[in-house]
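Please look over the model below before reading on. My comments follow it.

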Amino acid sequence: MWALRASVRPGAWVSRVVRGRGAPRAAPPLPAFPHRALAAFGPGGLKGPGGGGRGPRADGPSSRAGEEEGLEDAEEEEEEELLRRDPLLPAGTQRVCLIHPEVKRGPRKQQRTGAEWQVAEAEALVHTLDGWSVVESMVVPSKTPDGKLTFGKGTLEHLTERVRGSPEITAVFLNVERLATPTKKELEARWGVPVFDRFTVVLHIFRCNARTKEARLQVALAELPLLRSRLKSSTARPDAQGWGSRYIMGSGESFVQVQQRLLKEKEMKIRKALERLRQKRRLLGTRRRRQEFPVIAVVGYTNCGESPCGREKRGKTTLIKALTGDDAVQPRDQLFATLDVTAHAGWLPSRMAVIYMDTIGFLSQLPHSLIESFSATLEDVAHSDLIVHVRDVTHPETELQKASVLSSLRGLRLPAPLLDSMLEVHNKTDLVPGYSPVEPQAVAVSALRGHGLPELKARLEDAVLRATGRQVLTLRVRLAGAQLSWLHQEATVQAVDVIPEAGVADVTVVISKSAYGKFRKLFPE
């Protein structure tokens, strides 16, 4: 009769107890992370040992393989053609004057955060660009930030004197979500320097940080509204462009109509290419779920380790590096350093292998079209077993950052149990002496110093066991059979207690309910 023994770990599934008679043998060293776990994420979306690369093609008729290869090459060539775009921002060094319009009265008054922190966030966006710096910052009252010229007549004249009177200013960053093309041209004519809005700057940062083809296509999709607005502005002034009602080679279409049609065709091709990649992502996700590797999605405000006081920056990626011990994970000191969801192998205290997913960071007032474009990337969060929300407790607006992240997560229509079980990690507590989180679901850590990581790993393990229905069991197996090797392959073996005189061993494992059912079917009592 098989006997089961419950583990003493909190939250473990309880079963009958059996007494072992041999001295317990120390658990073997952690194995290399299974290749099949990381391979389930596909090339470009994995980090850690054993990953990467496209596998060999399945054997089959050479003609069919050649056709498939030719089709893939054609699709890749089309995708690369879609990614050829003109630069959004000028190259080289730029000395920027940052102007933040502040609405102090009326229904558009900014309720959520102070102007000084919005300016600090905008400065961080500028500093993310290579060779760009902020030479002057101004908070300027505005009744209508979305109006034709954003500012009143007197304020606009004052700004024009300031900008034109400062030869070191080479560009202006107007901290509004979108500038209409006529407004942008009018301001540039008055100030004599290029003017950029928040959408263009963030979009350029996204383009620079996109690594995989999916992320690059998503950025290209997000750019289309900008191209359409420029084309619409050109249509409004046909004589200035020399287009007007001229037709192209007797086609019956004007130049503007041709451009509109080409943009529509380009959008259809980008969406089609993205759907192909999403189908591959879904297939890989199904394969990953079959292999039953727990997935922990790590989310947070973009570069949530950023400090307004100029201290070192550390956030989601730094925490993942601390949890996995993978030196190949290198956090970058910039906003939106992570655009592609990447997978990182790690282990919990029970020796259970898990996958940490590093996701795109969130930002307040993130342009809506960018959120829509990257919603597909964040679909992986919905299929995770646990969400970890990393917060910077040293930031003065940490509560508003939390609200921004939670709002974005709710917009993804995540399952209610997944949101309810989310674990908060309060990071950088080494900079706040005596800090203790108020929230019951929060764990205080310092990812850089390693403080609080043992408690965090224990909390992660308990949460993963609850979310995945895994059990910590002790199974008695015969040494002469295949049971022990099967458990090593399909479960997480914590310890093996050999009873030599009986030819059996008590094996403590972390095992899913489905794997336990297979074990009982293959090796009945």
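1. Basis. This is a predicted model: local features need pLDDT of at least 70, side-chain atom pairs count only at pLDDT 80 or more, and totals for chains, interfaces and linings use all residues. Residues are numbered from 1 along each chain as its sequence is written, and side-chain values use heavy atoms, with hydrogens and water left out.

2. Whole chain. The protein chain has 17 helices and 15 strands (DSSP runs, H or I of at least four residues and E of at least two, numbered from the N terminus). Of its 525 residues, 48% count as buried (under 20% relative accessible area, 1.4 Å probe, protein chains only).

3. Contacts. Among contacts in the protein chain with a separation of 6 or more, 69% join residues 24 or more positions apart (contact means heavy atoms within 4.5 Å).

4. Helix H13. The 14 residues 398-411 should span 20 Å at 1.5 Å a residue, and the end C-alpha atoms are 20 Å apart, which agrees (the expected span is 1.5 Å times one less than the number of residues). Buried residues of H13 include Gln-401, Lys-402, Val-405 and Leu-409. The buried residues pack against strands E7 (295-300), E10 (386-392) and E11 (423-427), and against helix H14 (416-420). Just after H13, Arg-413 has a positive phi of about 55°.

5. Helix H15. Residues 453-468 should span 22 Å, and the end C-alpha atoms are 22 Å apart, in agreement. Leu-453, Leu-456 and the run from Leu-460 through Leu-465 are buried.

Methods:
Buried means under 20% relative accessible area, exposed over 50%, partly exposed in between (1.4 Å probe, protein chains only).
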